[in-house]
Amino acid sequence: MPRVRETEYIDVIRLEQDDGSVHEAVIFLRDPVWYTRITYDSGKTYHRISTKKRDPDAARKVALAQFYEGRGIARLGLKITKATIASLAEDMLKEKERRVAATNRGAYVLRTYRAKVPRLNEFFGKLQAQQVTSKLWDEYVLLRLTTGKPKLAEIHRHGLPRKISRGTLEQERDVLRAILRLAVERKLISALPTMELPRLGARKKMVSRASFSDSEIEVMVNRINRQINDARNEEIAWNNRMLLCYVMILLTTGLRTNDIKLLRWRDVSELTRTDGRIVLRLACRGKGMEREAVSQPEATDWVHELRRIARAVCPDDLLFTGPSGKAYNFTVAFRKLLVATKLRTDANGRARSAYSLRHSFAMARIMEPSLNLTDLAENMGTSVEMMATHYLSHINVISRVDTITATIRPSQHAYLMKPETHRHAGQAAQEVKRAVKLPKGR
C-alpha cells in the first residue's frame, strides 16, 4: 500500500480576479528547504519552485517575490517554465540537426553552434531566458575580453599578445540569439534583448584580407619541392605532391576550400578560349549552392598532374581523395607548411590559412585593367560588395602606382633623396676635417 504523504501548506498570498480566477501562493516543507506552490488559474496548473530557504519567514518573502514575478510574466501572455538556457540550447541544436538532415545545408553553421554552446553555458546555462538582459550580455562581453583566450594566442600581433576577436564574439552572440529566438517561439519571453558589441581597436576602412605575395608563394612552392625531394619514402613524397597540386589549383582557380573538397572528376571539364588556350569549367557546390566557375589556363596543367598521381580517378571520385579513400584534409599539412616557411601571419599580424590562397587569386585578378568586378565576383561565387570591401583597398593604391610615384616637377633638393648623396657628402666632410686638422699642441 503506497504511503500517503501529508503535506502542510502555509498561505502566502491569495488574490481573486475579476474573471473569477484565483491567483494563489503557498509554501511547503521538503526537508531541509521550503518550496513555493503557485497557481494563476484556480488550481488547474501549479508551479513548484524552491525558495532555497530553511527558515519559514525567509521562505515566505522569497515566495511572495516569486509569485509577483510569475504574475507579471503571466499577464504578458508568456509561459512560466523551468527551462534554462542550457536546456533551450540543447533543443535548438536538435532542431538545427533535423533541418540540416532534411535540407543538406547548414552543416558548417551547425558545427559552429556546437562549438559555441559550451562556452555560453558556462555563463548563461543555469539562467532562464527572461534573466538574459542587455546588461548581463555586456558583463559577458567584458568577461570574454578580459579572460578569453584567442585561437592563435601563441602568435603575437605587432609584438603584443592577441586578444579575442570581434568575429568570435559575433558568433557567440548569434548562437545566443538563436537560443533566445526559440524561447520567443515557445512564449517564454516576448522579445530578444539588445545585445551590442563594443568597437575593438581603431576603426579600419576597406582592409584587404590575408593573402600571399608572389615571392611568398615561391617560398612555399620551393619548400614543398624540397620536402618531396627529401622524403624518406614514397608515401611521404606522394602526400607532398598532393599538397603541391592543392596549393596551385587553389591559386589558379580562386575556389573556396570547401568547393575543392567537394569537387569530383565529373565536375571538371575543359573549355577552349577564343585565343585557343584551354581553361577548366568547374561545377562547384560549396556553401550549399551550385554554381559554375572557370579557372585560369595554368590550372589545366595542375589538374592533369593531379590526375597522373591521384589514386582515384573515376567520374564519381573526389579530386583530392586521401589514403583512406575519403576526402583529403590538408589543414594540418598546410599549417605545418606555413610554420616551416614562417608565413603563418602576414605583415599586419593576420593569420593565414589555405583560404588565403583564394584571396591571393582575387588580388591578382583584380589588378587586370580590363576585368569587370561583377564578372570576377560571379566567377568566385561572392558579391560585388564583398569584393569592394576586402579587395578594392588593394587595387586603389597599387593599380595607380605610376601616378602616385610620378615626379613631374623637378626639385632643386632632389639630390637629397638618394642615399649615395648622403654617403658621399659624409665622406667629403671627413676628408675636409683631416685636411685642416692642426698638429698636436698648437
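**Figure 1. Proline 32 lies in the loop between β2 and β3 (33-39).** Strands (E, at least two residues) and helices (H or I, at least four) are DSSP runs, numbered from the N terminus. This is a predicted model: local features need pLDDT of at least 70, side-chain atom pairs count only at pLDDT 80 or more, and totals for chains, interfaces and linings use all residues. Residues are numbered from 1 along each chain as its sequence is written, and side-chain values use heavy atoms, with hydrogens and water left out. The peptide bond between aspartate 31 and proline 32 is cis. Its omega is about 5 degrees.

**Figure 2. Valine 26 is a residue of strand β2 (residues 22-30).** Valine 26 counts as buried because its relative accessibility is 4%. The classes are buried (under 20% relative accessible area), exposed (over 50%) and partly exposed (in between), taken with a 1.4 Å probe and protein chains only. Which residues does valine 26 contact, leaving aside its neighbours within four places in sequence? They are Tyr9, Ile10, Asp11, Val12, Tyr35, Thr36 and Arg37. Contact means heavy atoms within 4.5 Å. Tyrosine 9 is 17 residues from valine 26 along the chain. Their C-alpha atoms are separated by 6.0 Å.

**Figure 3. Two residues other than glycine have positive phi values: serine 42 and lysine 342.** Serine 42 is in the loop between β3 and β4 (47-53). Its phi is about 60 degrees. Serine 42 counts as partly exposed because its relative accessibility is 43%. Lysine 342 belongs to the loop between α10 and α11 (356-366). Phi of lysine 342 is near 60 degrees. Exposed or buried? Lysine 342 counts as exposed, at 75% relative accessibility.

**Figure 4. Helices α2 and α3 pack against each other with their axes 10 Å apart.** Two packed helices are described by the distance between their axes and the angle between the axes. For α2 and α3 the angle is about 175 degrees. This makes α2 roughly antiparallel to α3. Axes are lines fitted to C-alpha atoms, for helices over the stretch in contact, and angles run from 0 to 180 degrees between N-to-C directions. Angles under 35 degrees count as roughly parallel, over 145 as roughly antiparallel, 65 to 115 as roughly perpendicular and the rest as oblique. From α2, the contact uses Ile85, Ala86, Ala89, Met92, Leu93, Lys96, Glu97 and Val100. From α3, it uses Ala107, Leu110, Tyr113, Arg114, Val117, Asn121 and Phe124.

**Figure 5. Glutamate 97 and arginine 114 form a salt bridge, with N to O at 3.0 Å.** A salt bridge is a side-chain nitrogen of Lys or Arg within 4 Å of a carboxyl oxygen of Asp or Glu. This pair links distant parts of the chain, 17 residues apart. Glutamate 97 is in helix α2 (residues 85-103), and arginine 114 is in helix α3 (residues 107-124). Glutamate 97 counts as partly exposed at 33% relative accessibility. Arginine 114 also counts as partly exposed, at 42%.

**Figure 6. Arg266, Asp267, Arg285 and Asp316 are linked in a network of salt bridges.** Arginine 266 bridges to aspartate 316, with the closest N and O atoms 2.7 Å apart. Arginine 266 lies in the loop between α8 (257-262) and β5 (268-272) and aspartate 316 in the loop between α9 (298-309) and α10 (331-340), so this bridge ties together parts 50 residues apart in sequence. Arginine 266 also bridges to aspartate 267, at 3.5 Å from N to O. Aspartate 267 counts as buried because its relative accessibility is 7%. Arginine 266 counts as partly exposed at 48%, and aspartate 316 counts as partly exposed at 49%.

**Figure 7. Cysteine 245 is buried, whereas cysteine 314 is partly exposed.** The relative accessible area of cysteine 245 is 1%. For cysteine 314 the value is 47%.

Figure 8. Of its 442 residues, 36% are buried. The structure holds 20 salt bridges. Among contacts with a separation of 6 or more, 57% join residues 24 or more positions apart. The accessible surface comes to about 28,200 Å². Carbon and sulfur atoms account for 52% of this surface. Accessible areas come from the Shrake-Rupley method with a 1.4 Å probe; for residues, only the protein chains shown count as cover.
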